Structure formats: structure tokens, C-alpha cells
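Subject: Model for your files, with notes

Hello,

Please find the model below. My notes on the sheet and the cores follow it.

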Amino acid sequence: MSTIGKALSLLDTLSRLDKEVGLTDIARLCSLDKATARRFLVELEKHGFVEQDLDSRRYRIGSAPVRLARIRETRYPFLRVAVPFIKTLAETSAETVHLSEFSGGRLSTIHVEDPPRAHRIIVDVGSILPFHATASGLAFLAFCPPKEIDAALQKPLEKFTDHTVVDPELIRGLLDETAVRGFSISHQGLEAGVISAAAPVRAPDGRPVGCVAVAAPLSRTTKTAIHEFGAQAIAAANAISEKYYGSERLTGTSPKTRRRD
């Protein structure tokens, strides 16, 4: 990995932590020696990407990423366009609804709407959604070109629960079902007791750019309900696509067609 890549990886690691941390912990988490970690932190702090508390000497994310995020959202208002649809879906489904976006080779949660229920699924903004173990990941991957699917399934697939599917051929079957149905279903793939349905937000060429997902406790979700959530996710995802990109017609071929090429 390049020097810039290591520094950005450090910044990414720091962004995932829910508390300020010291140099020793940062070096350990990033598999760096303390001298290298300190050098990266000094440079990142100089440009506003990290901040160090003067009393505790611990580090946290700085203001520069926030500034860049605001610039990006102003120019490419994906979140601003999508949030009203996510809110509406959370109200109609009465379950947790989250929006993800694909960037840097990963699918990350960028917005969450919680239902007014004490017993609900907790999803954190910024969390990475594994392609094989989440409804969002399956919905995204199902509409990707075959080469990208192959690449994703050649990587080590972590088994998060007893129900996580890690056999590439079985996952391909789930992707085929998702492509035909229009939405995916993840049955306790990432977390025990959770079932989710998701649909992709697609660009005019048919490529997915993110996903809309509904996550619910398995204990109160029937087969009929999860399919209804899937249909609602499709409607929300399509509405986001149309508003963000305009009324351009999707021109991409279906994944089923592409996989036979």
C-alpha cells in the first residue's frame, strides 16, 4: 500500500471509532509502528483531517472531512434527494430504514431512519455493509456486471452468524433471485434475529449506486411482511433514482441477461 493509502486507511479507521483514541491504539489498530502513525497524524492534523485534544492527547476526526462532505453534497445532492423517501418508508413500514452509497469499493450506510418503537433494529451511519451478508450488499451486487460479481465472490467471505451464506455458488443463487424479484432478502446474514429487504438505487445506465433497505426483528416479521418491505424498498429506490437523475429511462440490461453473455 502506498504512503497516501496508509494515511487514508488510518483516517478511515479513526472515523469508525466512537471515542477519541491515543497514538498507541491508533498504531495498533492500523498495524503501524508508532513513529509512522505519529508522522501520518501530524500531517493529517496539519490539513484539518484529524484533531488532537490538548489535555488528553487523544485524536479524533477533524473538520476537513465535514467540509468536503458538504461540498460534495452541494454538487451531488444524493442524500438531500433521498432522505424524504427514506423518512416516508420508515413511517409506512414502521421499521428501521437505511440508505447506503457505493464509494471506494465499499457499500456504506449514509442515513438511517428509526421507527417509533422500543424494539427496533439499530444501524449505525458509516457502517460498512458486506456484499454477501446483508440485504443491501446482495441487492447491490445482483445488478453489477458479472466481472464485479466474480471479483466480490473471490474474496474471503466472513461468516457473521450461523445463517451467513459464504458459499459463492449459493450466493449466486441469491443474486439471481434478487435480480428477478427486484429486491433482496437477508435472513440473519449479518446479525442474528434480524431480517432485511433491500432494493438498489440505479443510475440511468442500470448500474447500482446505493441501496434502500428495511431491517426488522425476525420475531415479528412474516413472509408476507418482508415481501411487502421489499416492494416498498423498490418503490423508494426507483423514486430516488428518478428524482436524482431525472426521468431518464434505465438503459442497462438486466443482470440475468448480462450473466449469460
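Helices (H or I, at least four residues) and strands (E, at least two) are DSSP runs, numbered from the N terminus, and two strands pair if DSSP finds at least two bridges between them. In the hairpin of β6 and β7, five residues lie between the strands, and Gly206 takes a positive phi near 95°.

This is a predicted model: local features need pLDDT of at least 70 and side-chain atom pairs count only at pLDDT 80 or more, while totals for chains, interfaces and linings use all residues. Residues are numbered from 1 along each chain as its sequence is written, and side-chain values use heavy atoms, with hydrogens and water left out.

The sheet

Five strands make up an open, antiparallel sheet, ordered β4-β3-β7-β6-β5. β4 (106–113) and β5 (184–187) are at the edges with a single partner strand each, so one side of each has no neighbour in the sheet. From one strand to the next, the twist averages 25° (axes are lines fitted to C-alpha atoms, for helices over the stretch in contact, and angles run from 0 to 180 degrees between N-to-C directions).

β6 (residues 194–202) and β7 (residues 208–217) run antiparallel and are joined by nine bridges. Val194 has Pro217 of β7 as its bridge partner, and Ala197 stands opposite Val214 in β7. β7 also pairs with β3, again antiparallel, over six bridges; here Val214 is the bridge partner of Val97.

How enclosed is β7? Nine of its ten residues are buried, so β7 is largely enclosed by the rest of the structure. Buried means under 20% relative accessible area, exposed over 50%, and partly exposed in between (1.4 Å probe, protein chains only).

The cores

A nonpolar core is a set of buried Ala, Val, Leu, Ile, Met, Phe, Trp, Tyr and Cys residues joined through side-chain atoms within 4.5 Å. The largest has 21 residues, of which Val97, Leu99, Val212 and Ile240 touch the most other members. Two or more residues come from each of α5, β3, β6, β7 and α9 (223–245), and α9 gives the most, with six residues.

Leaving aside residues up to four places away in sequence, Ile240 touches Phe78, Val81, Ala82, Phe85, Ile86, Leu99, Val201 and Val212 (contact means heavy atoms within 4.5 Å).

Regards
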